[in-house]
Structures are given as structure tokens and as C-alpha cells.
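Visitor: Before we start, please show me the model, and then I will ask about the terms.
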Amino acid sequence: MDNHNLVLFFLLLFISSEIRAQQQDKDEPFVGVNIGTDVTNLLPAADLVAFLQLQKITHVRLYDADGDILRALAKTKIRVIVSVPNNQLLAIGSSNATAATWIGRNVAAYYPETLISGVAVGDEVLTTIPTSAPLLMPAIESLYSALVAANLHTQIKISTPNSASIILDPFPPSQAFFNQSLTPVLTQLLQFCSRTQSPLMMNLYPYYVFMQNKGVVPLENSLFKPLTPSKEMVDPNTLLHYTNVLDAMLDSVYFSMKNLNVTDVVVLVSETGWPSKGDSKEPYATIDNADTYNSNLIKHVFDRSGTPLHPEITSNVYIYELFNEDLRSTPISEANWGLFYGNSTPVYLLHVSGSGSFLANDTTNRTYCVAVDGLDGKTLQTALDWACGPGRANCSEIQPGQSCYQPNNVKGHASYAFDSYYQKQGKFAGSCDFKGAAMITTSDPSHGSCIFPGSKSVSNKTSQVVNSTHVSGGGGRVRIGSFHLTTISAFGNYDVQQLLYGVVCCLFYYLFL
């Protein structure tokens, strides 16, 4: 093979593999997170982005277009949806120039260094501020025109997040329909989404469905728990079987769109989640239920099973939310939807091992249980005695002469015993509490020759973790669907046509010059 043919062979091999990689990445479903900022001592933007990278979070949604965060996201592989706050709809919906300015300042100024994938226009506008409904489509169209002018309309999609309450009679899904008072606006929105290949953003919360229909909707269906056939929900019109509430909610959206003769728009779950704490009226807002819902949600997305109506479509999902927003007002659950506390320690452990790498570094494979700082010795000793006694923790390493005996104090010994019990219990939520004497940490407490049980289990599973499949893992808000994103590859921001043009130029140079 001469040099020219050799160059041609490798160039074509390279480009074909790149196109395949782009298509595979584009088709792979993902789980992202919403980032609310009503947090005491929110991490500085640079630290926040470093935390996202540590957790292998690849998709985020902001509730505004925070410049510091967008700058910090530059030159990372994290894709971000920026948002137009509701209080800016009037100005943008009334003026094309204002819309163009907004795109210039909040999108074009950062793209492509920051991978902005979408613009969410308002949040639940049709149900929370219905008087602004007439402004919604003018705002969306003006922003889209600004993207077209900036030649960004194929890379960045525009939509608006909607509450599930825009759908009436949601079960059985085949009988669902949009609130007729909203039909004029929704018809325009769906026509826009169809024309621009944008998703319909929906905030879907099985938690609220369960709370409003206790006794009718089983908790197991809401949490994605395995069901016997007798407990599955069956649509009497289609005979489709539903094993979980989220799939039923998704199909109710698809049936509602079909009633308006729209069948080519996908649903993006812009928010979904489960609170980990609530007041006396919210007894099901618990750590166990939040852990179960979000863990099973992640697995469900990566199983790529779609819904009973559309098994070929797996919606992308944004979990609500990354941090507990402790500054939010009552009820108590409003401040407890996060996967992490504001100081970046996990609220609970997501059980997604084997599903992928999203949130796997710390929350699945590197979490430990240690004694709380500042607790009195008597309380710690009582908890230590229980762990080493009835709890059957392995306390041999904290005996005199053993590797973890030093430092010889109750806090050090208790931390080792707590972690032993916690690891033996499979790191399940609730196994690191000891009546408030213990807490979960992502910092390895091992020191010197003292290796904590959590470190031993991680080192024993290193090869297993490295070879695991990719996983992604988020309420007050939920959306389902999928953006048709342009993949940003090693070639920067070139699309396939630009890439092929470059290859042709290279071939011309090598073959004829």
C-alpha cells in the first residue's frame, strides 16, 4: 500500500470511528441534576464544578444563567441547560431586541467553550403564573430567532418546563388529555417543538401522585419496586401494564400530545425526585424512600426499557436536586430534595453500583461512617458498645496492639466500629446513625497502617469498579424527555458536515499536491 492510500485508509478509519462514537453518545440516555442555589454557603463556582467532575455528573440544569458557574464550566465536558427566570418573561416576550441581548449575554458569550445544550424558558409558567401565558410563545420564538441569528439553533434547543398538572385525567394514560383552557398555548408550543426538534419539558413527581392518591397508588409502584403481576397498573383501553408511576406519567403526556395530533416530540423529564425529610403530614418523605426512588430511577433510565407505550424511547431525566436548599421555606420537604448537603457530603447513598459511573466515585464506592465531632464520650461509648456487641461489628482491629488501636480514644475506636457495621450492612441508608452519634463522609478516615473497612472493600473491588458500565444520577420539580444534542467531540464544535469537509481537504492535499 503506497503512502497516499495509507493516508486515505487511516483518515477514513478515523472519521468513521468518530462518527460512530458521536452517534453512540447522542443515543445514550443520561441522568442529570438540577442545581438550586438557595443554599447556605453554596460552594464557589470553581469548587462546584470540581465537585460535579468528581461525581462524574455530565448534565446539569440551572434555574438562571449564572455567569460565574458558566465560566467555571468552560472547557469541561459538562453540558448545561440555562434558564430564563419567570420574572424576565415580560421583557423578553415583548421585545425581539431584548431576547437577542439575552442570548448574546447568556449563551453566545460562553458557547462553545461552555457546552450549553438548551434554554429553559420560565418554569411551570402555565400553571404558576397563568397571566403570563400569552407571553410564553412570543418569548420562545424571539429567543429562537436570536439563536438562528447566532447560528446556534441546531446545537442549542429551546423549550419550557411544565407541571404535570397541565394534564387532566392522567390514569389510565390512554384517557389523558391536556387542560383545554391551555390548549391554544400548548398547541403552539408543540408545533414549535416539532418544527425545531426540541423536547417537551415536563416536571414529573411520582411522590406527589402517591401523596394525593394514598390508598389508590401503592408506594411500591411509586418507588420502582418489583411488583407481582396482580399489583401492576393496567390500562383497560390498551391493556398495557405499568410497573411504576413515572412510566404512566410519561405515557399520559404522549397520549395527550397524540390527542393534539403531535407524535414526533419527545419528553424530557426536567425535574423528578423524592424528598428525604418532611413534617408530620409527610411521613413518606424519608431517607430510605428518597434513596430507593432515585437509585431505582437511575437504573431504570440505564436499562433503556422506555415506557409501555414507547419502549423505543428512553427519556433523559434531571433529578431534583443536587443540594438540599436549606434556605427554602416550609413545608420541611421543600428544603430536603437534595442528593447532598450544602457542604457536599451525601444525604444518603445511592445504590447504583453496576449501573455506571455517574455519582459512583463517592456515593457508591467511597463512603464511610465515622463518629460525629464534638459528641460527649459517654454517648460515643454507648454507641461503640452496641456496635461491637449486638451490632456484631468487627472490632478486632481496635484492640490493644492491633493496627487501629491508636489513637487510643473513644472517638477513634467508635469511628472504626461504626464503619465496620455500616459496610457490613451494605451501606444502606439508616445504618450510619447510632442515634445521631455517626455521620457519612466521603473522606477516607484510614491513617498510617490502620485501614478502615470501607477502604478494604473499595480496594478489593477496584477492578470491578473500573470495568463497570456508565451510570448517571436528583424535588420540587421533574422533567422527562431528550434533547437532540449536537455532540462535542475531539474535533471541537464541528458537526459531521464540517468534519467531512475537512477530510476532503486533507485527502486533496495528500493525493494531489
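Predicted model: local features only at pLDDT ≥ 70, side-chain atom pairs only at ≥ 80, totals over all residues.

Guide: Residues are numbered from 1 along each chain as its sequence is written, and side-chain values use heavy atoms, with hydrogens and water left out.

Visitor: What makes residues 133–149 a helix, H7?

Guide: Helices (H or I, at least four residues) and strands (E, at least two) are DSSP runs, numbered from the N terminus. H7 has 17 residues, so it qualifies.

Visitor: How do you know what span to expect of H14?

Guide: The expected span is 1.5 Å times one less than the number of residues. For the 15 residues of H14 (410–424) that gives 21 Å, and the helix reaches 21 Å from its first C-alpha to its last.

Visitor: Why is H14 called mostly covered?

Guide: Buried means under 20% relative accessible area, exposed over 50%, partly exposed in between (1.4 Å probe, protein chains only). In H14, 11 of 15 residues are buried, among them His413, Phe418 and Tyr422.

Visitor: Why are S1 and S2 said to pair?

Guide: Two strands pair if DSSP finds at least two bridges between them. S1 (residues 31–35) and S2 have three, in the parallel sense, so they pair. Ile35 stands opposite Leu62 in S2.

Visitor: What makes the crossover from S1 through H2 to S2 right-handed?

Guide: With the strands pointing away from the viewer, a right-handed path from the first strand over the helix to the second runs clockwise. The β-α-β crossover through H2 (residues 45–54) is right-handed.
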